[in-house]
Amino acid sequence: MPKTKVIAVANQKGGVGKSTTVYNLGAGLSMHGKKVLLVDTDPQGDLTKMLGHRKPHDMPYTLGNVLNDVTEGILVSEHPEILSHKEGFDFIPGNRTLSAVEVGLVNVMSRETVLKRYLDEVKNDYDYVLLDCRPALGMLVINALSASDYVLVPVQADYLAAEDMTELIGTVQQVKRQINPKLQVGGIFLTMVNDTNFRKDIVTAVKENFGKHLPVMDTVIPLTVRLAEVSTADKSIFLHEPRGRATESYRNLVKEVMEIGEKQRIKSAHIGR
Ligand SMILES: Nc1ncnc2c1ncn2[C@@H]1O[C@H](COP(=O)(O)OP(=O)(O)O)[C@@H](O)[C@H]1O
Ligand SMILES: [Mg+2]
C-alpha cells in the first residue's frame, strides 16, 4: 500500500472555501478508489455539519474527546470517532470541545504534536487524510501542520496580496523548521473566482507574483451558488451537479492533488534503480 499523504487545508481567513474543499476533494479522491479520511479540526464543526451532522456540538464523541485522551496518555484500540460517509470516505467529526482542548494544550508537553500522535495510530488505513482547519493560526492549526505532509491553501483572488498569506506561509515555515521538516506547501489555488476576474490569464498572473516561492495550482474554483448549496445538500458537488463548471474545477483539483509528490517519487525511484 502506498504511503499515506496527510494534507491540511489551511488559511487563517474564514469563508474562503476550506471546508467546502475538504469535502469535495475527499469525495473526489474517494471516487478515484482512494481510501480517504476527513478530519474536522475546527471547533465550529462546519465540515461536520456539511457531512450531515447538523448539530455537531451535541455529538458525544468527536476529535476533541480523542485529543483529550491522547494528552492524558490513554491509548485505545477501538475508534468510535471514525464515522463512514455514504460517498465512500471516512470522517472524524469536530465540535467546540476542540476549543477547550486548544486552551488546555498550553500546559501539555509536546503540545504541537498531539494530533500527529493520534493520526499516526489510524492513518495507515488510508491513502489520504485531509485536515480541515479553523480560520486562525493557533495551536489547533499548528497541530494540523505538524501532522501533515502537505498544506493546500485556498485563496480568493482579491486577498492574494494580503499580509495574511505572508503570515500563513511564515507559520508553515516555522513548523517545518522546528517541528515537522517534511511539511511542504502542496499548492495554493484560487477559489470563489467570479466572472469578472475569471480570465484565462489569472493563474498566469498569480504564478508571476507567487510562483517563484510557492507552487500555484492550475485549478481555479468558480464562485457559484452550486458550491454554496453543497454545505446543506448532503451531497458533494460531484453528486449535486455532476456536469457543471464547479464539478469540473474540483475534478481538476483532485487530479492535481493526486499528482502532488509524484514527480519526486518517480525521480527518486529512477535514481534508486
Ligand atoms: N466556490 C464557491 N462559490 C460559492 N460559495 C462557496 C464556494 N465555496 C464555498 N462557498 C460557500 O461559502 C461559505 C464559506 O465556505 P467554507 O468552505 O465554509 O469556507 P471556510 O471553511 O474557509 O470558512 C459557505 O457557505 C460555502 O457554502
Ligand atoms: Mg471551514
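Residues are numbered from 1 along each chain as written, chains are lettered from A and ligands numbered from 1 in written order. In this predicted model, local features need pLDDT of at least 70 and side-chain atom pairs count only at pLDDT 80 or more, while totals for chains, interfaces and linings use all residues.

Helices (H or I, at least four residues) and strands (E, at least two) are DSSP runs numbered from the N terminus. Strand 1 (residues 5–9) is largely enclosed by the rest of the structure, because 5 of its 5 residues are buried (20 or more other C-beta atoms within 10 Å of the residue's own, C-beta atoms being placed from the backbone). Lys5, Ile7 and Val9 point one way from strand 1, and Val6 and Ala8 the other way. The table gives its pairings (at least two DSSP bridges between two strands).

| Partner of strand 1 | Sense | Bridges |
|---|---|---|
| Strand 5 (residues 128–132) | parallel | 5 bridges |
| Strand 6 (residues 150–156) | parallel | 3 bridges |

Lys5 has Tyr128 of strand 5 as bridge partner, and Val9 has Leu152 of strand 6.

Beyond four places in sequence, the contacts of Leu131 (C-beta atoms within 7 Å) include Val6, Ile7, Ala8 and Val9.

Ligand 1 is surrounded by 17 residues (C-beta atom within 6 Å of the ligand). Lys18, Ser19, Thr20, Leu227 and Ala228 are the closest.

Technical notes:
Contact = placed C-beta atoms within 7 Å. Buried ≥ 20, exposed ≤ 12 C-beta atoms within 10 Å, placed from the backbone.
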